[in-house]
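Trainee: I would like to learn how to read a few features of a model like this one. Please give the general idea each time, then the case at hand.

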Amino acid sequence: MSNSHTPKNIGNHLTMTVQNVGFLLERLGQDCSPLQYLRELTHNGLQAIERMGETGEVIWDVDWISFDLGEPMRLCIIDTGDGMTGEEMLMYINQLSSSGSEQSITANYGIGAKIAAATQNPAGLVYQSWKDGEGYMIQLHKDPKTGEYGLQQWLLDDGTYSHYMQIEEYIKPPEIKQNGTKVILYGKYSGQNSMDPPKGIPLPISQPNNSFVSCMARTISWQRSRPSHSVCNP
């Protein structure tokens, strides 16, 4: 009589995990072209406008508010889409696999921006978003001590801590009325001029002001009947 035992499959399994998200993010970022983050962030803006079901704008520009305060020139993108609350930014921006209202292959377009833009801007991506007139801000960055990507913690006026904070009305771009989002790119290190192109990317000869974004910093109007498009190729 055989004493062999055939294991029984009871349906349970151990879910695969990622030990070092920072390493994974940067490894995936190596497969992105140097300017892919422009396309991904533009596509995010277009998708946000599409969810509104009306015409909107995506604008690449300088973050003039910080520049007027004496900080370096920083590239930013503004869209007049549906915007996000603080809790929604906490959920969508800080989770690699969740960037839309549902988790699916087509809904997670924001994953590309996290991979391409975060790895090109480890000093930070600041999201300022308005929904129904209320504005909130978060900062996704790479922790220089741990090497992990995540959200900056803020000390609020009441003495508590939060990973998002409410922002004043004067910060809101004039293009945004009740809903919309602005993303500010801080670059590779603190104090960098993120208007400069990534290393190895030549400037267009026709741009005398030496600003690589000036060749594509234009308003993009979006209508639901138009196909999705962006300002750069991968």
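Trainee: Which residue is the bridge partner of Leu 125 in β4?

Mentor: Start with the terms: strands (E, at least two residues) and helices (H or I, at least four) are DSSP runs, numbered from the N terminus. Two strands pair if DSSP finds at least two bridges between them. Here the partner of Leu 125 in β4 is Leu 140. β3 and β4 run antiparallel and are joined by seven bridges. In their hairpin, two residues lie between the strands, and Asp 132 takes a positive phi near 55 degrees.

Trainee: What should I know about the origin of these values?

Mentor: The model is predicted: local features need pLDDT of at least 70, side-chain atom pairs count only at pLDDT 80 or more, and totals for chains, interfaces and linings use all residues. Residues are numbered from 1 along each chain as its sequence is written, and side-chain values use heavy atoms, with hydrogens and water left out.

Trainee: How many of the residues of strand β1 are buried?

Mentor: Buried means under 20% relative accessible area, exposed means over 50%, and partly exposed is in between, with a 1.4 Å probe and protein chains only. Strand β1 (residues 56–62) has five of its seven residues buried, so to read the term here, it is mostly covered. β1 pairs with strand β2 (residues 75–79) over five bridges in the antiparallel sense. Within that pairing, Val 58 has Asp 79 in β2 as its bridge partner. For the protein chain, buried residues make up 43% of the 234 residues, and there are five helices and 10 strands.

Trainee: Is Lys 182 buried or exposed?

Mentor: Lys 182, in strand β9, is buried because its relative accessible area is 5%. The next term is the polar contact: a pair of N or O atoms within 3.5 Å, where within protein one must be able to donate a hydrogen and the other to accept it, and residues adjacent in sequence count only if both atoms are side-chain atoms. The side chain of Lys 182 makes one with the side chain of Asp 63, at 2.6 Å. A plain contact is heavy atoms within 4.5 Å. Leaving aside neighbours within four places in sequence, Lys 182 has contacts that include Asp 63, Cys 76, Val 126 and Pro 173.

Trainee: Where is Asn 179 found, and what does its side chain reach?

Mentor: Asn 179 is in the loop between β8 and β9. It counts as buried because its relative accessibility is 16%. Its side chain reaches the backbone nitrogen of Asp 132 at 2.9 Å, the residue with the positive phi in the β3 and β4 hairpin. Beyond four places in sequence, Asn 179 also touches residues including Met 52, Thr 80 and Trp 130.

Trainee: How do I read Ser 162: buried or exposed?

Mentor: Ser 162 counts as buried because its relative accessibility is 15%. Its place is in strand β7 (residues 161–162). The side chain of Ser 162 reaches the backbone oxygen of Tyr 164 at 2.8 Å. Outside four places in sequence, Ser 162 is in contact with Gln 152, Gln 153, Trp 154 and Leu 156. Leu 156 sits in the loop between β6 (154–155) and β7, and counts as partly exposed because its relative accessibility is 26%.

Trainee: Which residues lie nearest the centre of the second largest pocket?

Mentor: Ile 65, Gln 128, Met 137, Ile 171 and Tyr 186 lie nearest the centre, out of 19 lining residues. A pocket is found on a 1 Å grid over the protein atoms alone, as an open set of points where a 1.4 Å probe fits, with protein on both sides within 12 Å along at least five of seven lines; lining residues have an atom within 4 Å of a point.
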